[in-house]
Amino acid sequence: MTYFTGLRCRHCGTLYTSGITYCERCLGPLEADYVYSAIERVLTRSLIEKRDRNIWRYRELLPVSETPAIGHTTGCTPLIRAKNLGRALGLEKLYIKNDAVNSPTLSFKDRVVAVALSKAKELGLGTVGCASTGNLANSVAANAAAAGLTAYILIPSNLERAKVLGTLVYGARVVSVDGNYDQVNRLCSQLADQYDWGFVNVNLRPYYAEGSKTFGYEIAEDLGWRAPAAVVVPMAGGSLISKIHKGLEEFGRLGLLRTTHETSIFGAQAAGCNPIVAAVKRGDTDVRPVKPQTIAKSLAIGNPADGYWAANIIQRSGGGADDATEDEIRQGIELLASTEGIFAETAGGVTVAVTQKLAAAGKLPVDETVVIAITGNGLKTTEALSLEPGLAIAPKLSDFDRHLAEQGWTEDALVEEVR
């Protein structure tokens, strides 16, 4: 049984049950709508816990009516108690939601693509595509291959090599465009009008975005069916932060949470592409487009589609937002890796660096649960770092001892560093 009723306009509330992707009355964006009263009668904590560990354990709250085509290994990524990083940042109950190990392509985009392409199959579409800064390209290519769909992937020409390779390997038809993400996305919007294809972040966007709710569902479930006091989320288009908030609200509405309190939502962006952060710092929701210039290419969206909603949710929840410089992004990557053994891509460096700023400014609760969203794997953005092991030594004990001394790696120095 499906509890999905159609797409409802976020602005005027008009409900549509056809394949339309924007409101014909006010041109507002559409969002999936559900019969919550019916879901409340069937969806329980015990039922969810008995199901397979993937995003479809929450299927009543996702807009797919038929048996999902893909996503059966996606989701249920680790929620890690980050004691070492928490100690470094002065946060006693810090957790990391680690989608850097999500399946199949090591980013949170596997969640949204599983929903979008399952819906595409349900709608009878044989060809899908996307505009992407890298992670989405990887996921659409991989999941389209698994679902037996033809994929057209449009990317900015300056993407990280690992992300380009991680798209081509699946046999997708990749088109490199001489322009930034916003220009690529505009082209995809034109293609969606021209061809009978499903572009996951254009005409399939209302379905695609719902997959991000599972990130929030899993946080609450893994915290013992409790919402965190605060969550820090990287922002590109603004959809993830909006949907994590929606997911936590839905769990509260359905009585699945053991506690009912508002989670403060905090957003993180790179200083070289911070339109949502700038709006929040001004105290409004007027997100003004910028030209991206940052190593955090997965966050390099200068005109975020969900920017208004992200800024609104941040302020309404009592949260906040900040940005990170290029050096701070690199330092954030290294800090997370050296404290928790997690190698995040540049977006993760942004999130850690911003969490550090927020904690230092006293904006995060010191003794309450704070969750950091890590959304992609560092193996995809290795060129952002310049780390070398130094000159090779001869295979002699004397050379090794001399090297330890030169590097300051003596036993006394190591003990002092740990202290």
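Predicted model: local features only at pLDDT ≥ 70, side-chain atom pairs only at ≥ 80, totals over all residues.
**Exercise 1. Find the ring under the charged end of Arg 10, and give the distance to its centre.**

Solution. Start with the criterion: a charge sits over a ring if NZ of Lys or CZ of Arg is within 6 Å of the ring centre and within 35 degrees of the ring normal. The charged end of Arg 10 sits over the ring of Trp 309, 4.7 Å from its centre.

Residues are numbered from 1 along each chain as its sequence is written, and side-chain values use heavy atoms, leaving out hydrogens and water.

**Exercise 2. Classify the ring pair of Tyr 195 and Trp 197.**

Solution. Rings of Phe, Tyr and Trp (its six-membered ring) pair if their centres lie within 6.5 Å; planes under 30 degrees apart count as stacked, over 60 as edge-to-face and the rest as tilted. By this rule there are 11 aromatic pairs. For Tyr 195 and Trp 197 the centres are 4.5 Å apart and the planes at 15°, so this pair is stacked.

**Exercise 3. Is Trp 197 buried or exposed?**

Solution. Buried means under 20% relative accessible area, exposed over 50%, partly exposed in between (1.4 Å probe, protein chains only). Trp 197 has 17%, so Trp 197 is buried.
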